[in-house]
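Student: I have a structure open and I'm new to it. Can we walk through some of its parts together?
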Amino acid sequence: EAVGPQEYTLIKMQILEPFPAALQNALGRKVFLVAATMRPETMYGQTNCWVQPEMTYIATEHKNGEVFISTERAARNMAYQDMTAEFGKFVKVELKSDGKPLTGQDLLGAKLKAPLSSYPHIFALPMLNIRGDKGTGIVTSVPSDSPDDFAALRDLKNKQPFRAKYGITDDMVLPFDPIPIIDVPGYGNLSAVTACEQLKVVSQNDREKLAEAKERVYLKGFYEGTIIVGPHTGKKVQDVKKVIQQELVKSGEAVVYME
Ligand code: A2H
């Protein structure tokens with residue numbers, strides 16, 4: 001575990017129409033799922049967003065009338081980083097009309113605009129291993145470079161009953177394949193896929209093998225990887241991480257967040 005403060009980039013994924021049925025009061029507002037990432041330079045490879053169906057989330061007022069969805073814990077942290085409408089406070093927005101708490105289940109299937117992704121829109125899908133005690137409780141999915149994301153997306157693709165259980169339709173999952181975005185020496189341009197194949201990872205619950213897959217690709221991807229898409233093509237990952245983070249912040253598509 002990190003000893004000092006941890007910096008994340010929060011990626012603002014705007015919910016597009018049609019809004020999920022539960023979010024009746026969202027109409028006419030700019031509402032974002034805010035996903036915490038350590039790897040902003042991988043955003044070119046987003047294929048979906050992960051929410052935990054059983055987890056409780058909160059929608060809060062941010063600057064310029066924007067609404068952010070995160071855990072309450074993250075909303076409180078954001079309030080003290082001058083990211084909410086009023087410093088030190090988080091004002092709840094009731095997106096549901098039934099007065100019940102907002103859950104991941106309510107967000108499933110939301111159609112999203114994901115900054116930098118080559119897919120024009122992506123969808124919010126279920127992941128069971130999301131923790132409530134770090135980041136925002138919302139995770140963006142980059143299956144090309146994250147073994148956890150690859151295994152979870154493949155589970156949804158392979159298991160129709162798993163999709164059906166959560167009301168996820170085929171069009172939200174089947175068209176979305178890992179995008180080659182970073183070349184990693186020895187692992188090619190879909191490093192997470194290569195590592196999962198080498199280790200024969202069978203599902204997102206294959207925790208030991210996934211830990212080993214992550215061990216193999218994370219550090220190598222960060223220190224030896226080269227970007228192969230977009231304006232930074234040919235540059236080293238470690239040299240562009242901050243640059244891409246700042247570009248996203250400048251365009252209003254991300255914020256820097258500490259915890
Ligand atoms: B990373 P750290 Cl391509 N629960 O983003 C579980 N996982 C979470 C989370 C939560 N509440 N919040 C964030 N995360 C994930 C991209 C990525 C990430 C890539 C490669 C490696 C990687 C795409 N998913 O993380 O323990 C998010 O996934 C490697 C560590 O707080 C976030 O960055 O350091 C990372 O874990 C933060 O984990």
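Student: Leaving aside neighbours within four places in sequence, what is glutamine 238 in contact with?
Tutor: Phe222 and Tyr223. Contact here means that the C-beta atoms, placed from the backbone, lie within 7 Å. Bear in mind that this is a predicted model: local features need pLDDT of at least 70, side-chain atom pairs count only at pLDDT 80 or more, and totals for chains, interfaces and linings use all residues. Residues are numbered from 1 along each chain as its sequence is written.

Student: Where is the place of glutamine 238?
Tutor: In helix H7, residues 237-250. Helices (H or I, at least four residues) and strands (E, at least two) are DSSP runs, numbered from the N terminus.

Student: How far is glutamine 238 from glycine 221 in space?
Tutor: 9.0 Å, C-alpha to C-alpha. In sequence the two are 17 residues apart.

Student: Is glutamine 238 partly exposed or buried?
Tutor: Partly exposed, because 13 other C-beta atoms lie within 10 Å. The cut-offs are 20 or more such atoms within 10 Å for buried, 12 or fewer for exposed, and in between for partly exposed, with C-beta atoms placed from the backbone.

Student: New topic. Why is helix H5 called largely enclosed by the rest of the structure?
Tutor: Six of the eight residues of H5 (residues 191-198) are buried, so the rest of the structure largely encloses this helix. The buried ones are Ser191, Ala192, Val193, Thr194, Ala195 and Cys196.

Student: What do those buried residues of H5 pack against?
Tutor: H3, H6 and strand S10 (182-183).

Student: At what angle do H3 and H6 pack?
Tutor: About 135°, and their axes are 9 Å apart. H3 covers residues 147-158 and H6 covers 207-224. Axes are lines fitted to C-alpha atoms, for helices over the stretch in contact, and angles run from 0 to 180 degrees between N-to-C directions. H3 and H6 are therefore oblique to each other. Under 35 degrees counts as roughly parallel, over 145 as roughly antiparallel, 65 to 115 as roughly perpendicular, and the rest as oblique.

Student: Which residues meet there?
Tutor: From H3, Pro147, Asp148 and Ala151; from H6, Leu210, Ala213, Lys214 and Val217. Five residues of this contact are nonpolar, none polar and two charged. Ala, Val, Leu, Ile, Met, Phe, Trp, Tyr, Cys and Pro count as nonpolar; Asp, Glu, Lys and Arg as charged; the others, Gly among them, as polar.

Student: Last one. Which residues touch the most other members in the largest nonpolar core?
Tutor: Leu33, Ala35, Cys49 and Leu112, in a core of 74 residues. S2 brings the largest share, six residues. Such a core is a set of buried Ala, Val, Leu, Ile, Met, Phe, Trp, Tyr and Cys residues joined through C-beta atoms within 7 Å.

Definitions and conventions
Two residues are in contact if their C-beta atoms, placed from the backbone, lie within 7 Å.
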